[in-house]
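Okay, everyone, thanks for coming. Let me put the structure up, and then I'll talk you through some of its aromatic rings.

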Amino acid sequence: MKKKLLALFVVMAIVITQLMPITVYSDSGDVADVMRRLNELPDNVKFQLMRAIWDTVLVYADNPSEVTVDKMYSDVKSIFISEGLNWSDYVVESGGSAGDGKISKENIYNILNKVIEFKGVIGELYRVFTSHSSVPAGKHVRLALGLPEDASNGALFQFIIDNYRQQFVTYSGTTFSADTSFTPVIVTRLVNYVKGLDPDAVAEAYNAAIQEVPAELRSALELPDNYSSINDLNAFAENVYKAAATLAIVKINSFIINGTVSFSDALDAFKIAGVLKLPAPANVTPTAGDGYVNLSWSPVQGAEKYLVSYGIGSLTNTLWVTGTSATVSGLSNGIPYSFKVQAAYSNKGDILGAESATVSATPYSSDGGVIILPTPTPSVSPSPTPTPEPSVTPSPEPSEEPSTTPSPEPSASPEPSVTPGMVVVEPEIEDGKAVLNVDEEALSKALENAPVNEAGVKEVTIALSGDEDVNQVTANMPAAFFAEPAENTAVVLETGVAYVTIPGAALQTLNLGSASTVTVEIIKADASVVADPALREKIGDKPVIDQNIKVDGKAVTWSNENEPIILSIPYTPTAEELANLDLIVIWYVNDAGQVVPMKASAYDFVTGTVKVVLKHLSKYAVAYDNKEFVDITTSWAKNEIKAMAARGIIQGTSTTSLVYQPKYHITRADFVKLLVSTLELKADVDSNFPDVQPGTYYYEYVGIAKKLGITKGDGQGKFNPTSYITREDMMVIVARALDVTGLLKMTTDESVLNQFTDNARIAGYARQSVATLVNAGIIQGNMGIVNPKGYFTREEAAAVMYRLFNKFISPVK
């Protein structure tokens with residue numbers, strides 16, 4: 001078995017080199033004239049025709065029945081035209097003559113056929129591998145690459161292609177160069193997989209498999225004839241990829257600069273090189289000022305503009321500039337911001353270059369005053385000034401009375417202080433336990449003129465007077481206030497332990513009827529409630545809160561899907577956490593001590609609390625969960641991936657290591673499962689698509705989407721669960737889901753699509769959905785294109801879920 005695995009690795013490298021041979025097809029006109037015509041194009045679109053050809057085959061990579069030359073030719077033509085180029089100036093569809101400087105339709109067909117033949121790399125891999133053994137290779141290579149062991153051949157093919165399209169070759173002006181420090185993910189994973197095998201078996205397998213490589217090629221690539229250590233394996237892999245990069249550089253340079261290489265030969269080079277990226281801007285320097293940060297960086301040769309990304313934690317804000325400096329204004333003083341810069345050819349379809357190093361800066365007040373970071377106490381909490389009154393209702397003169405409206409008669413329990421929207425209660429405190437008694441009259445009086453918040457809700461705040469430290473708060477409130485609450489009201493318990501917002505209708509599920517008292521307990525706990533030692537360590541000394549509700553002194557179980565309670569836990573982040581606020585979350589701790597990340601949880605910098613939306617009460621812990629996926633370092637969505645993984649919204653693809661596969665495409669079933677789970681959609685599943693079988697992990701999720709009308713299948717009655725989902729189909733499903741839930745209504749104005757150069761490629765059935773999501777900022781496009789026919793990747797899925805989270809799910813708006 002071990003022998004087979006290493007042989008497979010070597011064979012993959014051999015197959016990769018099989019991309020190198022040159023096949024020249026004749027043009028209808030003079031080749032040099034064709035090259036001259038193509039070189040008249042601007043640098044950033046010279047290779048658009050070839051890239052269009054390559055991109056179209058990716059759309060059909062896992063659907064062989066759809067790969068027809070006619071269909072691909074039509075797609076190539078539409079992409080080329082979307083670049084603003086006149087197709088007939090460069091391609092002749094019939095006739096033609098030598099010297100006309102045009103490429104024939106027949107020649108394009110030949111190139112397309114050659115691209116399609118590349119799918120044969122999978123068959124060749126199997127053929128060579130099985131010459132060493134009768135055991136199928138598929139399972140082992142998929143496991144080595146972190147793919148599901150039953151992934152289709154098309155999925156394996158797609159994975160290989162996606163990993164070519166990394167930062168493998170860089171472009172400056174008219175010169176291409178290899179990034180020799182870059183090790184492709186394929187090599188890394190296969191090498192790591194082999195490292196766990198017995199050294200003798202590895203050596204035996206290598207020495208047998210190396211014989212498959214012709215002697216002249218072994219010499220050219222400096223491959224050792226005999227295996228002696230794992231270093232040989234690493235060197236072997238690096239040499240093969242560098243050789244492929246070198247070939248690509250030579251061919252592409254010759255094609256673009258000299259016109260001495262045929263069109264089809266250059267296409268081979270493009271297949272090896274993948275998408276060509278500009279290098280990262282160097283020397284990015286931030287200078288902070290009052291509410292702004294100035295950035296400067298060294299110019300990147302060949303770049304026409306730069307994208308500056310910035311934010312607190314995740315870099316979710318962007319700014320385009322044409323020079324090598326930028327001013328990011330409208331920032332909050334005293335808060336550290338992070339920045340990165342990427343170069344780009346233009347705003348018409350060319351992908352962004354490599355990311356610069358991330359830098360940080362903190363805006364500060366220009367008057368030289370000291371910036372004080374927000375404390376973990378929410379801004380609505382009482383002032384800590386030692387007066388008997390909260391700061392929101394100061395007494396005009398010092399008073400020995402406990403409130404501005406003293407009780408006319410002495411009372412064993414001090415009367416609460418009542419002002420519009422607030423009831424201040426002097427608690428009974430013993431052994432760190434505070435008891436608050438609030439009557440219905442006080443609540444009703446505070447509600448009469450209570451302010452209305454942005455959501456149109458009247459909030460009554462119940463606050464403790466004084467600043468004594470407590471570890472448990474028991475709030476006794478009249479049940480009648482919650483049994484038949486006024487519409488759009490809420491009670492906010494404001495304590496030193498935590499802050500709890502209870503919508504007026506939230507407790508109606510308790511059937512309060514004849515009950516007299518509702519008691520809410522807020523108790524400080526610690527990490528010992530968690531069973532797993534590793535998870536306890538992640539919590540450390542961060543706050544853990546236990547909440548309970550009692551009715552007339554008896555504990556009850558509360559849950560409410562429609563009227564959730566908001567819990568806000570005071571917390572001051574560490575320096576590391578402050579730079580990654582998106583990774584601060586709330587964990588639900590069940591009775592067995594197991595933890596579940598809460599989707600709707602986030603740190604609120606303004607109030608200094610971690611907020612979470614609760615539909616049931618239990619123990620909840622603050623955690624900082626930084627999942628270090630091994631393969632997202634170069635992903636543009638790495639911050640979004642981490643933020644969503646911390647909340648359990650997305651997962652990796654391996655049960656043994658943190659592997660995310662950001663460039664890997666997502667299937668229709670997996671995307672629907674992700675969306676239904678994220679939005680917590682519910683429906684009774686009484687039917688499903690005929691190709692969605694009971695017992696599959698996605699059956700219920702697809703059934704819910706079908707029941708709600710979110711997905712309607714392919715027009716032939718099927719859902720095609722294992723096919724990859726295109727970007728436009730993804731947008732249709734997301735827009736329908738938001739429309740069905742009432743979160744976002746469909747727009748009828750499609751004019752926003754005019755900003756995309758490829759908007760004509762958006763299918764008619766998808767245009768309204770695409771426009772809706774673009775208007776809402778959920779879809780932003782890339783460099784002026786929306787790429788509707790392209791497959792949706794896992795990193796794009798993380799970014800879309802992140803935007804949905806911030807707009808519709810997060811308790812911090």
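Predicted model: local features only at pLDDT ≥ 70, side-chain atom pairs only at ≥ 80, totals over all residues.

So, Tyr697: with a relative accessible area of 52%, this residue is exposed, because the cut-off for that is over 50%.

How do the rings of Tyr697 and Tyr698 sit relative to each other? They make an edge-to-face pair, 4.9 Å from centre to centre, with 85 degrees between the planes.

Let's zoom out for a second. The chain has 813 residues, and 54% of them count as buried. In secondary structure, we're looking at 24 helices and 28 strands. And if you take contacts between residues at least 6 apart in sequence, 72% of those join residues at least 24 apart.

Back to the rings. Searching the whole structure turns up 12 aromatic pairs. One of them is Tyr310 with Phe339: the ring centres are 6.1 Å apart and the planes are at 25 degrees, so this one is stacked. Tyr310 is in strand S7 and Phe339 is in strand S10, so the pair ties together parts that are 29 residues apart in sequence. Both residues are buried.

There's also a cluster, where ring pairs link Tyr664, Tyr724 and Tyr791.

Lys305 has its charged end over the ring of Trp320, 5.3 Å from the ring centre. Lys706 does this with Phe689, at 5.6 Å from the centre of that ring.

Okay, that's my bit. Over to you.

Notes: Residues numbered from 1 in each chain as written. Heavy atoms only, no water. Helix = DSSP H or I, 4+ residues; strand = E, 2+ residues; numbered from the N terminus. Buried < 20%, exposed > 50% of the residue type's maximum accessible area, 1.4 Å probe, protein only. Contact = heavy atoms within 4.5 Å. Phe/Tyr/Trp six-rings, centres within 6.5 Å; stacked < 30°, edge-to-face > 60°. Lys NZ or Arg CZ within 6 Å of the ring centre and 35° of its normal.
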